[in-house]
Amino acid sequence: MPNNTMTFSSVDNLQKKNIFAFNALLNSDAVIALGLFLVALIPRLLALSKFITADEPRWAIRSMSFLTGLMTADWQLTLQTGHPGVTTMWSGSLGLMLDYLFNHRAAGSLLAYVGSLPDNYQRIDPTILPWMRLPTVLLATLSVVAVFWFLRSLDRKPAIIAALLLAFHPLHLAHSQLLHHDALVSVFAGFSIFLFLTTLRQWSWSLLILSGVMTGFAILSKSTAYALLPFAGLTMLLEVIYRRQTLHRAVIVGLVWGGVALITVVIFWPAIWVAPLEVWQTIVGWVDQSADVGNISNTLIPEFSSKMPNLGFLFYPINWLLKTTPLMILGLLFFIPWLRKESPESAARWWATRLLLWIGLFTLMLTLGDKRDGRYLLPIYFALCIVAAFGLKMIYDRLKQNRPLTINLRFARLNIYQLGFAGLLLGFSVSYYPYYLTYYNPLVGGPWLAPRLIRVGWGDGMEEAAAWLNKQPNAEHLKVATIIEQSFWPFFVGQITDHDSYDTYSADYVLNYHRQIQNGVPFPEFWPYYQVRPPAYKLTIAGIDYVWLHKEPPLARIGRIPFGDNLLLRAYTTDQQLAAPGSPLEVTLIWRLAAPSDESVQLQLRDETGQVQAESAPAPAIDPKGPSAIEGHYTLTLPADMPRGNYPLWATVDGSEDWTEIATIPVGRTKPAEAISTPIEANFAHRIALRGFDISNSAPAAGETLTLTLYWQALQSMPYAFTTFVHALDSDGSVAAQADVQPGQGQWPTNTWHPNEWITDRVSISLPAATPKGEYQLVVGWYHLETGQRLTLVDNEAQNSFILGTITVQQ
């Protein structure tokens with residue numbers, strides 16, 4: 001019995017030792033660092049392929065050129081922009097190499113693969129972007145681990161808290177999964193500061209050199225990293241003042257640190273090797289261009305088209321408040337009592353005050369700058385997380401001391417305060433997946449306040465709008481007008497056009513985006529026109545409307561045409577993309593008024609000789625019964641025999657004899673002008689449809705001329721003037737007679753056709769006098785005159801002509 005007892009006791013002791021060893025392993029720095037790496041990595045990896053921000057396509061194209069320059073030793077290709085964004089292009093290039101190694105190695109060389117990628121920033125290949133984002137994700141994840149690693153010697157709890165705050169801060173989480181420079185400058189600036197401050201606390205030449213390298217990488221990322229230079233100088237000055245360093249040593253540290261940074265910049269930016277002056281001019285030019293932009297984030301035109309007050313020096317504090325989290329605010333509030341309690345000689349206090357110096361210096365530099373955006377603050381967030389962590393640690397210690405709350409489970413003991421921390425941490429971050437950029441602080445009414453103070457949206461949700469359109473009938477033939485096509489088109493199967501182009505008038509949908517509306521693009525009156533009309537589709541994310549798709553006739557911008565001192569004409573639209581003869585045409589004019597107006601407007605359609613073809617009755621410039629206060633409506637009735645063509649639209653105010661040409665209205669038929677004796681259906685490449693034909697004589701004599709009447713309908717706008725061919729084929733398939741013509745005897749080329757327009761064309765084909773009698777097959781089709789390439793039939797792409805029928809040639 002005693003032996004059994006001894007045995008059980010030994011087993012129990014062994015289990016306790018194993019549990020103790022296991023807990024010790026879990027609490028080791030290496031395991032904690034690994035755990036932080038994984039929890040930071042997972043939410044970033046999961047959102048890599050969800051959407052494309054507005055700037056990323058340009059960085060993708062720049063990265064392709066950068067990598068091409070590296071592979072071909074064309075070093076000047078590594079100069080793409082003055083941001084300078086070199087690390088972004090290195091990151092994108094590494095991502096392209098990974099994509100090639102894992103997915104495209106069998107297809108040829110890396111250079112050939114990069115050369116095969118689309119180089120149009122408006123429609124990049126969306127499958128490459130996750131790979132190009134991946135290096136940034138990994139670096140940003142390592143920066144989370146670095147926060148813990150460099151602070152763990154001070155106090156492990158605030159080190160872990162700070163790392164988690166950074167890992168799950170919505171702004172850091174959002175930008176650290178993008179192909180962009182804001183996350184990278186933040187990562188490298190953080191590494192630089194950690195290494196530099198550690199060097200001052202425990203001298204190490206290797207750490208100082210590494211800090212200089214990281215400083216060089218930060219400068220290669222974005223010009224805001226220049227703030228590291230005065231930060232290092234002020235920090236060393238404080239060390240000299242407080243006699244922790246000698247002036248001589250401080251000078252040596254500064255020279256070594258700055259010299260290593262400069263060498264790093266030169267080594268990793270090959271363009272400097274061959275064109276240093278051009279690199280310098282590009283950087284200076286970019287800085288000047290940024291300054292010319294002005295305070296772009298305050299020149300807003302929000303929902304009601306009224307300019308918001310300039311936020312001035314409050315711009316960055318307000319942006320931070322809207323983007324921060326309740327946990328961060330709580331931690332920062334308790335940081336002050338923590339700082340008072342902490343010994344002036346403590347290492348934690350020393351670190352905290354130096355990080356405060358960085359926060360204040362960097363924010364001041366941004367505030368003094370001309371170009372502003374909330375994301376520019378990202379390099380201070382790692383420091384803010386550390387400072388807040390000290391305050392949260394103080395709260396935790398007090399709560400635990402006064403009232404410890406735990407739940408005992410069979411295999412674990414759960415701390416209620418830690419669970420609350422985790423809940424708040426995740427609730428204000430991962431719950432916004434995948435649109436972390438859409439987070440706005442709910443404590444200050446962020447979803448309501450943010451759109452009224454700062455720019456909202458950076459491409460979030462555009463892929464959802466594209467997915468909705470892709471489900472519509474004939475989606476591949478739809479055309480959408482949008483100003484931020486680079487975030488939309490990669491996901492859309494149809495076509496796009498810019499809001500500012502003439503082709504906007506032929507769009508099937510108009511896509512409006514929140515930031516575009518705030519910036520008053522393409523002109524301030526654009527959104528008020530659509531705002532009062534219900535959209536076909538609307539996307540709301542986290543309480544804010546981001547995307548609208550309208551099916552109303554698009555507005556065609558016509559510049560700024562003044563009518564006296566009070567009226568300024570900005571745009572127009574009609575109820576028909578193609579005005580039909582014999583039908584009323586409703587014209588809407590979009591006005592900007594200097595003061596309330598009771599003026600009347602009259603419109604005329606004139607032909608090329610100046611003859612009036614249609615005229616509206618005088619109507620108020622601003623329709624008092626109209627949907628919005630910027631539009632007037634006018635009706636013109638077109639004559640039934642009005643020829644096809646483009647007709648100038650003229651306007652006058654208050655019956656004045658002073659008429660002004662304001663637009664051009666296309667006129668054409670949207671249905672056949674006469675009955676079709678032989679209806680047929682033939683679709684040529686989704687561009688032109690043959691709806692029917694008539695033939696003058698199906699049994700002609702040799703030497704006779706046949707007349708074919710062909711009824712065409714345009715299915716879309718066409719960039720080329722295609723040529724019609726009609727062939728009479730004998731039993732061997734040889735051409736016995738043919739006609740190759742431009743529609744309307746050259747007067748109606750297909751590149752002037754409008755979608756859904758009907759064209760009745762007559763084609764004459766002469767049979768040679770020596771044509772043998774018998775049956776001949778009549779075929780019709782289209783080809784491009786310059787290339788000879790024919791349009792194929794949709795139902796059978798192997799066929800590039802349509803059989804109309806047979807004729808019987810008589811002797």
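Eight of its eight residues are buried, so β20 is largely enclosed by the rest of the structure. Here, buried means under 20% relative accessible area, exposed over 50%, and partly exposed in between, with a 1.4 Å probe and protein chains only. You're looking at a predicted model, where local features need pLDDT of at least 70 and side-chain atom pairs count only at pLDDT 80 or more, while totals for chains, interfaces and linings use all residues. Numbering runs from 1 along each chain as its sequence is written, and side-chain values use heavy atoms, leaving out hydrogens and water.

Now show the β20 side chains. Phe-722, Thr-724, Val-726 and Ala-728 point one way, Thr-723, Phe-725, His-727 and Leu-729 the other, and all are buried. In a regular strand, side chains alternate between the two faces of the sheet.

Strand β23 (residues 774–784) pairs with β20 in the antiparallel sense over eight bridges; pairing takes at least two DSSP bridges between the strands. Pick Ala-728 and you'll find Leu-778 as its bridge partner in β23. Strand β21 (residues 735–741) is also antiparallel to β20, over six bridges, with Val-741 opposite Thr-724. β20 and β21 form a hairpin with five residues between them, and Gly-733 in the turn has a positive phi of about 85°.

Stay with Phe-725 and bring up Arg-790: its charged end sits over the ring, 4.1 Å from the centre. That label needs NZ of Lys or CZ of Arg within 6 Å of the ring centre and within 35 degrees of the ring normal. For another case, select Arg-249, which lies over the face of Trp-203 at 4.0 Å from the ring centre.

On to the rings. The structure holds 37 aromatic pairs (Phe, Tyr or six-membered Trp rings with centres within 6.5 Å; planes under 30 degrees apart are stacked, over 60 edge-to-face, the rest tilted). Phe-66 and Trp-90 have ring centres 5.3 Å apart and planes at 70°, so they are edge-to-face. Phe-66 lies in helix α3 (residues 56–72) and Trp-90 in helix α4 (residues 86–104), so the pair ties together parts 24 residues apart in sequence. Colour by accessibility: Phe-66 is buried at 0%, whereas Trp-90 is partly exposed at 27%.

Notes: Helices (H or I, at least four residues) and strands (E, at least two) are DSSP runs, numbered from the N terminus.
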